[in-house]
Amino acid sequence: MKLNKEDIKKALSTISVAGEGKNMVDAGTVQNIITFGDEVVVDLLLQTPALHIKKRAEVDVMKVIHEKVYEKAKVKVNIKVEAPKKENPNQIKGKPIPGIKNIIAVASGKGGVGKSTITTNLAVTLAKMGFKVGLLDADIYGPSGPTMFDVLNERPLSVTVDGKSKMKPVENYGVKMLSIGFFTKPNQAVIWRGPMAAKALNQMIFDADWGELDFLLVDLPPGTGDIHLSIMQSMPITGAVIVSTPQNVALIDAQKAVAMFQQENISVPVLGVVENMSYFTPEELPNNKYYIFGKEGARNLATNLEIPFLGEIPLVQSIREAGDVGRPAALQEKTALSEAFLSTTRNVVEQVVKRNESIPPTEAIQITTMAGCSAVNKKK
């Protein structure tokens, strides 16, 4: 049987390289296709030397040709790796996502410091300020977004956009959200290796109908591992927010998270540090502060690393209660908690504006809404 190049090209346009949004043809990964009878040679150009990425690409090409063109075709895949040219360290990386202006990664380095709580309340506060906000719960192994937004029983709908099927994020409190928690049972453990987890995240990023967003917050899992690298390779991260408690054990891991984003081959600007569980004030003694986990540890870390200190959030029982019942504490109007989250969120917005102003206009993502101006200029 004589194979047709156009049929092969059409088949290859249905698959993509792991970690990339576009299909192989549109992304320029397919360099050449040669056919001779029932034999076909496909030349690919990849930007990463990772063995599992190369093997996955080879297997996907062979599989799609056998399934969509000719099941007995003799397929050979030649792979050449060419690293991308070194870019300006401040340049936004990743493939742009239409409609999303700023993508903020929220990381901690250590679990149990309240990263998801901070992310949730930042998102809700941004929405209250008038921004269009989305939240990607990228904590594959411990997704808590559905619980904190009281949408545990909701499921994303399928919608058609430009002829393609997309996931419509679940929305509550003015925030659009996707989480792996929507696709698993509450008692089901997610036991996935890195590539499978990365694939699931890519689907939630690129196969979702996020619409127009001023901010997409990405709640990263604890640590500095494969999921983090996959996210940063896939998305044009504007900057990162680090969450830590004042405790030395947490600060050590927070410093590692900062170091990860600042590595030369990553170079994601760190917008600053948020200190969670800064102090405890009993309801019956409102003027007392007890520094259970240490005093000003994250503030001192920010000073030492020469990065902004974004704010401190006290250890208050109602924050935990609000998260458990799915109504974030930032929604409690005119309280000390909502003011603390508002102050911290303003500082995040201010750092995003500064970060974007340091990039040439053709590359920067600008905040142009009046809500952004008022958030930055309004006094604390």
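## Overall make-up and the sheet

Of the protein's 380 residues, 48% count as buried. The model is a predicted one. Its secondary structure consists of eleven helices and 13 strands. The accessible surface of the protein is about 19,200 Å², and carbon and sulfur atoms account for 50% of that area. When contacts between residues at least 6 apart in sequence are considered, 74% of them join residues at least 24 apart.

Eight strands form an open sheet with mixed pairing, in the order 8-9-5-10-4-11-12-13. Strand 8 (170-172) and strand 13 (309-315) each have a single partner strand, so they stand at the edges, and one side of each has no neighbour in the sheet. From one strand to the next, the twist averages 25°.

At one end of this order, strand 12 (residues 270-280) pairs with strand 13 in the parallel sense, over five bridges. Within this pair, E275 stands opposite E312 of strand 13. Strands of a sheet pair through backbone hydrogen bonds, which may be parallel or antiparallel in sense.

Helix 7 (residues 248-262) packs on the sheet, where it touches strand 4, strand 11 and strand 12. The direction of helix 7 makes about 170° with that of strand 11.

| Element | Residues |
|---|---|
| Helix 7 | residues 248-262 |
| Strand 4 | residues 100-107 |
| Strand 11 | residues 239-244 |

How values were computed
Residues are numbered from 1 along each chain as its sequence is written. This is a predicted model: local features need pLDDT of at least 70, side-chain atom pairs count only at pLDDT 80 or more; totals for chains, interfaces and linings use all residues. Side-chain values use heavy atoms; hydrogens and water are left out. Two strands pair if DSSP finds at least two bridges between them. Helices (H or I, at least four residues) and strands (E, at least two) are DSSP runs, numbered from the N terminus. Axes are lines fitted to C-alpha atoms, for helices over the stretch in contact, and angles run from 0 to 180 degrees between N-to-C directions. Contact means heavy atoms within 4.5 Å. Buried means under 20% relative accessible area, exposed over 50%, partly exposed in between (1.4 Å probe, protein chains only). Accessible areas come from the Shrake-Rupley method with a 1.4 Å probe; for residues, only the protein chains shown count as cover.
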